[in-house]
Amino acid sequence: MSKAEARQLVEYMRKIQRRMGLNEWRISLEIYEQTELPSRLWLEGEAGIGYMSSWHEQRSATLHVVAYPRDLTIRQIIRHEVAHLLLEPMWRVVKRVEKPLGSTAWEIISEAYREAEEIAVNRIMRAMS
Ligand SMILES: [Zn+2]
């Protein structure tokens, strides 16, 4: 991918970030010149093509995305991952019950939450396309 293309994607990500009202976040874009992310960034449900790491206290995030995704465009992945960041405050609320619940209940609740978040993110993504 050329530097000009990468710059355009960063501009696009900033535009989506502004549209979602995430102006306080500093998001960097890391593009991998391959069709799958490195294994350390492979998360269930994301098909290994895009992943957002975020640090809430610093309002800082890194969007990892592959340059050559098989089924989606990079812009679709960017919209999807930025929408996950939009819902990040909800996840922090859910996280508060992790210790009180114990591991079995936490596993059930966190998985159900992740599935529900994925549905919401896909709906937001469709609404913005
Ligand atoms: Zn997702």
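Modeller: Let's take α2 and α5, which are oblique to each other, because angles under 35 degrees count as roughly parallel, over 145 as roughly antiparallel, 65 to 115 as roughly perpendicular and the rest as oblique. Before going on, note that this is a predicted model, where local features need pLDDT of at least 70, side-chain atom pairs count only at pLDDT 80 or more, and totals for chains, interfaces and linings use all residues. Residues are numbered from 1 along each chain as its sequence is written.

Helix α2 covers residues 74–86 and helix α5 covers residues 103–128; helices (H or I, at least four residues) and strands (E, at least two) are DSSP runs, numbered from the N terminus. The angle between this pair is about 125 degrees, and their axes are 9 Å apart. Here axes are lines fitted to C-alpha atoms, for helices over the stretch in contact, and angles run from 0 to 180 degrees between N-to-C directions. The crossing of α2 and α5 is right-handed (left-handed if the near helix is turned anticlockwise from the far one by less than a right angle, right-handed if clockwise).

On the α2 side you'll find Q76, R79, H80, A83, H84 and L86, meeting V121, I124, M125 and M128 of α5; residues are in contact if their C-beta atoms, placed from the backbone, lie within 7 Å. That contact of α2 with α5 has 6 nonpolar, 3 polar and 1 charged residues (Ala, Val, Leu, Ile, Met, Phe, Trp, Tyr, Cys and Pro count as nonpolar, Asp, Glu, Lys and Arg as charged, and the others, Gly among them, as polar).

Now for α1, residues 3–19: its axis and that of α2 come within 10 Å and cross at roughly 35 degrees. α1, too, passes α2 in a right-handed crossing. From α1 come L9, Y12, M13, I16 and Q17, and from α2 come I74, R75, I78, R79 and V82. By class, that's 7 nonpolar, 1 polar and 2 charged.

Then there's the sheet, an open one of 3 strands in the order β1-β3-β2, with mixed pairing (two strands pair if DSSP finds at least two bridges between them). β1 and β2 are the edge strands, each pairing on one side only. β2 and β3 run antiparallel, joined by 6 bridges; among the bridge partners, S54 goes with A61 of β3 and Y51 with H64.

How values were computed
Two residues are in contact if their C-beta atoms, placed from the backbone, lie within 7 Å.
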